[in-house]
Amino acid sequence: MSVLPGGLRVCVESVPQYGRGLAAVALTVAAGGDDDPAGRHGTAHLVEHLMFPRSGGSSADPAGEGYAALVAGAGGVCNAETHRDHTVFHTTVPAELLPDALAWEAGRLLGFAPTEAVIRTETDVIGEEIRGAGDAGRYWESALGALYPGSRDSFGTQAELAGITAGEVEAFFRSHYTAPRMVLSVVGDVDPARVMAVVREVFGGVGVSRAAGEFRAAGESRAAVVARAAEGIRVAGEVRAAEEARVAEAPRTARETRAAEAPRVTGEVRLAEAPRAARESRAAEEARAAGEVRTAEQTRAAEAPRAAKEIRAAEAPRVAGEVRAAEEARVARGIRAAEQTHAARKIRAAGEARVAEAPRTARETRAAEAPRAAAEILTAPLPAARPGVAVGHPLPDPVADRPAYLAQAVLAQVLGRSRLPALARSARDGHRLTSATVTCGYHGQWLASAAPDLTLAVLGRAPGTEVGAAVDIWRSVLRAVADGPLPEAEHRRAVNSLLVAWHRQADSLPTRAVALGRDALLLPGSAGPDALPAELRRTTPAEVAAAARALLEGPVTVTELASRAGTELAPQKGTVG
């Protein structure tokens with residue numbers, strides 16, 4: 001991690017194995033929904049949109065193509081996400097065009113000066129995003145707002161954005177898009193030293209507090225520097241590539257050439273002149289020696305005393321008896337083990353049958369009869385395609401109590417992948433739960449935000465199942481895990497599912513670049529994304545049981561999901577863009 005004089009943190013990582021010939025850039029900014037000014041909910045989201053201007057023009061972009069068009073013209077892709085506590089912009093381009101991408105990134109920061117017309121266009125786009133947001137996002141935001149009053153969702157409201165002015169937008173940008181609040185991450189098939197040279201040139205003025213209206217002028221004044229730095233790096237890369245190609249295509253090294261030209265004649269002459277007699281003599285000698293060896297072996301076999309045979313014959317009955325006795329003992333042990341296993345299975349099957357037939361297990365009864373938590377918060381009902389209930393719990397701080405946070409991530413896998421689906425399918429409870437999902441972290445993205453954050457369970461209710469009954473089922477499942485011990489195999493499956501998801505994402509350049517930026521900005525002290533697999537493997541069943549107890553004993557939100565006739569569930573939208 002490097003820090004520029006103005007305070008911008010820069011992380012460059014060379015990982016050609018994840019995508020040879022490509023590079024990803026992520027700019028992570030500590031500005032999100034929680035930072036929206038009063039009466040202007042959605043300002044952070046709007047600024048994210050305005051960082052992709054669809055028109056304009058400057059010396060860095062004389063045709064006024066806009067950032068997205070420049071990236072697309074280079075064969076790359078770009079996107080952005082606004083979260084509760086940060087906004088992240090990510091771009092992937094061919095590695096040889098990385099200097100251009102960095103120049104464009106710096107240019108849109110230095111040249112940020114949206115017009116009123118562009119602002120009106122983007123507020124309309126945000127209005128469409130708000131109307132199209134998935135139901136699950138509303139459940140999450142409702143729970144967060146109830147547990148942490150004052151927390152703001154990422155989308156904003158169209159009514160509050162309707163009258164926002166260019167001056168208000170630029171004031172937000174000047175306050176929050178400063179160098180110490182930003183992290184630039186570059187990942188891919190790159191040379192870190194060359195990348196840092198470009199970054200120091202083009203990002204020198206980025207994030208420095210300026211008066212309104214100075215951004216475009218600053219961007220234009222640095223355009224020549226940007227172009228020179230980008231061209232220098234590109235030329236250096238081309239020279240290096242040409243040199244590598246020349247070396248790779250060299251037909252022979254000098255040593256190989258001399259070896260190839262050495263005459264074979266000398267060896268062939270010596271071979272032709274070797275006397276046949278010597279070869280024949282060696283062959284005869286070898287044959288004679290072999291015959292002597294065979295004769296000696298036959299003699300020893302003929303002279304072997306019959307006593308050895310008699311001894312073996314005398315010992316044979318005893319050895320055979322011992323073998324039979326050992327075999328009989330082994331078989332007897334196997335029979336006893338099989339009988340014990342069969343009996344254990346019968347006992348276990350009988351126990352499972354009794355449990356399946358019981359209307360409630362003892363744990364469910366205790367959970368159902370336990371008094372409601374003093375901190376249970378009932379929120380306003382929300383519309384849904386089918387009746388259900390959303391239950392929210394606060395998560396531990398991923399910085400101050402990272403092991404407890406990771407135990408909650410494993411617990412969400414245990415509950416969402418095995419315990420709740422099995423319960424919803426079972427004959428005992430299928431008439432009360434129709435579906436069940438559990439997510440850990442911001443809209444299901446764990447380690448994607450700092451505290452506060454949530455675990456959210458969404459339970460489908462069968463007709464006739466009241467909200468309280470569904471919550472009782474949820475608490476009974478938590479109690480079963482809390483009472484433990486969690487079976488080792490179930491714990492291992494949950495951890496492995498998280499590891500598979502991590503490894504699948506680790507191969508994505510933009511995902512890795514974003515993770516590096518988030519770790520630096522939101523999770524100080526983190527060992528980085530590569531340390532996460534070992535941290536997950538260290539999570540124990542006892543810690544997962546403790547995580548379940550923490551949910552039972554801590555505050556909880558309960559939101560009734562009221563049926564909305566003729567409507568299908570919208571897909572879950574985890575972030576806004």
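These legends walk through several close-ups of one predicted model. Residues are numbered from 1 along each chain as its sequence is written, and side-chain values use heavy atoms, with hydrogens and water left out. Because the model is predicted, local features need pLDDT of at least 70 and side-chain atom pairs count only at pLDDT 80 or more, while totals for chains, interfaces and linings use all residues.

**View 1. How confident is the predictor, and where does pLDDT stay under 50?** pLDDT is the predictor's confidence in each residue, from 0 to 100. The chain averages 76, with 65% of its residues at 70 or more. Residues 211–222 stay under 50, and the model gives them 28 contacts (heavy atoms within 4.5 Å) beyond four places in sequence. Over residues 289–374 the pLDDT is below 50 too.

**View 2. The largest nonpolar core has 53 residues.** A nonpolar core is a set of buried Ala, Val, Leu, Ile, Met, Phe, Trp, Tyr and Cys residues joined through side-chain atoms within 4.5 Å. Buried means under 20% relative accessible area, exposed over 50% and partly exposed in between (1.4 Å probe, protein chains only). V389, V410, L411, L415, L420, W474 and L536 touch the most other members. Helix α16 (residues 402–425) brings the largest share, 11 residues; helices (H or I, at least four residues) and strands (E, at least two) are DSSP runs, numbered from the N terminus. Leaving aside residues up to four places away in sequence, L415 touches L420, P421, V438, W474, V477, L478 and V481. Another core of 52 residues lies apart from this one, and its members include V25, A101, F112 and V195.

**View 3. F52, Y67, F89, F112, F173 and Y177 form one aromatic cluster.** Rings of Phe, Tyr and Trp (its six-membered ring) pair if their centres lie within 6.5 Å; planes under 30 degrees apart count as stacked, over 60 as edge-to-face and the rest as tilted. That rule gives 6 aromatic pairs. F173 and Y177 are stacked, because their ring centres are 4.7 Å apart and their planes sit at 15 degrees. Both of these residues are buried.

**View 4. The loop between β9 (433–440) and β10 (454–461) holds P452.** The peptide bond from A451 to P452 is cis, with omega near 5 degrees. L447 belongs to the loop between β9 and β10 as well, and has a positive phi of about 60 degrees although it isn't a glycine. Most residues other than glycine have a negative phi, and most peptide bonds are trans.
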